[in-house]
Amino acid sequence: MNRWASRLGTGAIVGIVAVASSYAVAGATPRFVVAPINGVVVILTPSQVIAFAILVLGDLGSKLGFALAVIIAVGLFGGLGLLSETVADRSLRGADATLAAVVLTAIVTGVTGFLLTTSVASGAAIAAGAATTTALSRRVLRPERASPRTGRRRFVAAVLGTLGFGGFALWVGEEEGTSGAGPTREEVLGNSSAGPPGAPIEAIQSRLAEAAERSLDVPGMPGLVSENANFYEVDINSIDPEVPARSWSLRVTGAVRQRVEVDYADLTDMAPEHRFVTLRCVGDPLNGQKMDNALWTGIPVNTLLDRARPTGAYVMLRAVDGYFEEFPLAALRGGFLAYGMNGELLPRGHGYPVRALVPGHWGEVNVKWIDEIEVLSEPAEGFWEQRGWHGTGPVNTIAKLWAVNRLDDGRVQVGGHAYAGTRGISAVEVSTDGGASWSSATLSPPLEDDDVWRQWTHTWTPTGQTATVVVRAIDGTGTVQPREDAQPFPSGATGWVRQSIDLENR
Ligand SMILES: Nc1nc2c(c(=O)[nH]1)N[C@H]1C(S)=C(S)[C@@H](COP(=O)(O)O)O[C@H]1N2
Ligand SMILES: [Mo]
């Protein structure tokens with residue numbers, strides 16, 4: 001093996017071990033050194049690339065960004081390790097040079113890791129991983145001390161050792177990153193301000209039971225309430241911020257007569273409300289799955305707005321992860337600040353400790369980890385609008401086709417969910433002949449909230465060997481779901497979901 005290949009190989013191994021060590025102590029938290037680098041990648045990625053990634057690669061887009069961040073991190077720490085070695089070897093000889101290389105590597109990589117993550121544990125783990133690897137590599141990998149054969153064998157051993165360590169770090173890191181100590185679910189959702197102790201949790205349970213009862217029983221079709229673990233997630237960063245409830249606060253700033261600030265205890269001490277709210281991402285493909293519904297616990301945003309007395313007509317919601325979205329104040333008026341989700345504390349991935357819910361609007365303005373409501377006198381652009389999206393307005397009307405079943409009696413059953421924000425769903429129509437004729441689907445009984453989806457189902461006896469099913473929803477104002485097809489970018493997908501069913505093989 002020549003000298004350069006050996007050096008690059010050593011650098012790569014030092015980098016991998018450093019990054020893996022950080023993961024072992026930090027897990028998928030902002031203390032993992034890839035997280036801040038991923039944040040910079042997200043900010044610097046040109047909007048065309050983001051649009052391409054989302055449109056062409058779907059979810060893969062953010063995974064590619066994350067993979068790029070991992071590569072940058074490995075390159076950074078590997079490069080720092082090599083640099084340290086080079087400096088040491090230029091100034092000293094023999095054992096002194098090795099000692100200097102190890103110490104210098106520890107200091108340089110450790111300090112860099114700490115500066116990136118502001119975590120002593122992560123910085124120390126990086127230093128330890130990089131320095132140990134450097135020490136080992138100088139004993140084991142030096143080409144001048146080995147014959148080509150043993151050199152190759154040692155290199156394979158080093159690679160296997162690195163992979164083994166990486167696997168170990170992944171396994172250890174899995175355990176990290178669960179929300180730290182804060183008020184418990186019982187303390188928060190079971191607070192007694194709205195009645196006897198435990199009353200709010202009972203109110204949640206009865207509303208969830210009511211929704212389960214109203215769900216249509218169609219095999220393969222999700223119910224009216226999405227489980228927290230299955231609720232879709234869209235984030236600008238691959239690693240969610242970790243925001244302790246005890247240090248969280250929300251400020252109302254900008255064009256207001258009175259600045260307002262509330263902390264977690266203030267918010268959760270107010271009389272809670274429980275609302276079903278459906279969310280859908282503007283990037284959701286026509287028949288995609290980025291649409292879900294949950295029972296949220298929180299307080300109306302108006303409680304804070306009324307205290308602040310805004311003088312401007314726009315708001316910019318800002319969050320701990322650097323995300324920001326702007327839209328008319330009027331849309332936020334009926335909004336909600338949620339800290340509970342389906343009877344659990346709001347999960348970290350959905351905005352713990354507190355998120356905004358804006359009735360009838362695309363998911364993107366439902367800002368998670370929210371820490372500021374800035375009232376503006378002039379309109380401005382949010383994170384996604386700066387990247388070409390138009391996702392701050394009300395949702396498009398959509399009927400999904402999520403289940404196709406062949407019943408024992410030969411009939412065909414189709415079903416799905418329909419959503420039109422606060423306009424509501426008044427009907428869903430189904431065609432089984434490609435749009436020539438239409439019938440009304442059966443709808444699930446409505447949930448008693450303003451911004452919720454409904455389920456629909458339709459069963460018929462087929463005649464031919466294929467059937468082309470088309471579905472369209474009619475919103476609460478009587479408007480039929482627009483027929484023209486459009487991609488999600490920039491204003492949300494439009495068109496009617498159409499699916500050809502091969503009846504012979506069903
Ligand atoms: N702070 C913050 N809030 C955010 C986002 C984000 O990346 N950061 N993503 C938005 C987008 S695009 C959508 S569709 C919804 C998704 O909410 P969910 O992940 O709880 O489903 O959150 C919105 N709120
Ligand atoms: Mo979104």
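Colleague: Which residues are the closest to ligand 1?

Modeller: This is a predicted model, in which local features need pLDDT of at least 70, side-chain atom pairs count only at pLDDT 80 or more, and totals for chains, interfaces and linings use all residues. Residues are numbered from 1 along each chain as its sequence is written, chains are lettered from A and ligands numbered from 1 in the order in which they are written, and side-chain values use heavy atoms, with hydrogens and water left out. Ligand 1 is surrounded by 19 residues, where a residue counts if one of its heavy atoms lies within 4 Å. The closest are Tyr232, Asp321, His350, Arg355 and Lys368.

Colleague: How much of the area that ligand 1 exposes when taken alone does the protein bury?

Modeller: Taken alone, ligand 1 exposes 530 Å² (Shrake-Rupley method, 1.4 Å probe). The share of this that the protein buries is 99%.

Colleague: Which helix gives the largest share of the nonpolar patch?

Modeller: The patch covers about 680 Å² and is made by Leu99, Val103, Ile107, Val111, Phe114, Leu115 and Val120. Its members need over 30% relative accessible area and no salt bridge, with nonpolar side chains joined within 5 Å and like charges, in charged patches, within 9 Å; a salt bridge is a side-chain nitrogen of Lys or Arg within 4 Å of a carboxyl oxygen of Asp or Glu. Helices are DSSP runs (H or I) of at least four residues, and strands (E) of at least two. Six residues of the patch, the largest share, come from helix 5.

Colleague: Is Thr118, with its positive phi, buried or exposed?

Modeller: Thr118 has a phi of about 50 degrees although it is not a glycine, and lies in the loop between helix 5 and helix 6. Buried means under 20% relative accessible area, exposed over 50%, and partly exposed in between. Because its relative accessibility is 64%, Thr118 counts as exposed.

Colleague: What is the relative accessible area of Arg309?

Modeller: Arg309 also has a positive phi, near 50 degrees, and sits in the loop between helix 11 and strand 5. Arg309 is partly exposed, its relative accessible area being 42%.

Colleague: Which residue does a cis peptide bond join to Tyr352?

Modeller: Omega of this bond is about 10 degrees.

Terms used. Buried < 20%, exposed > 50% of the residue type's maximum accessible area, 1.4 Å probe, protein only.
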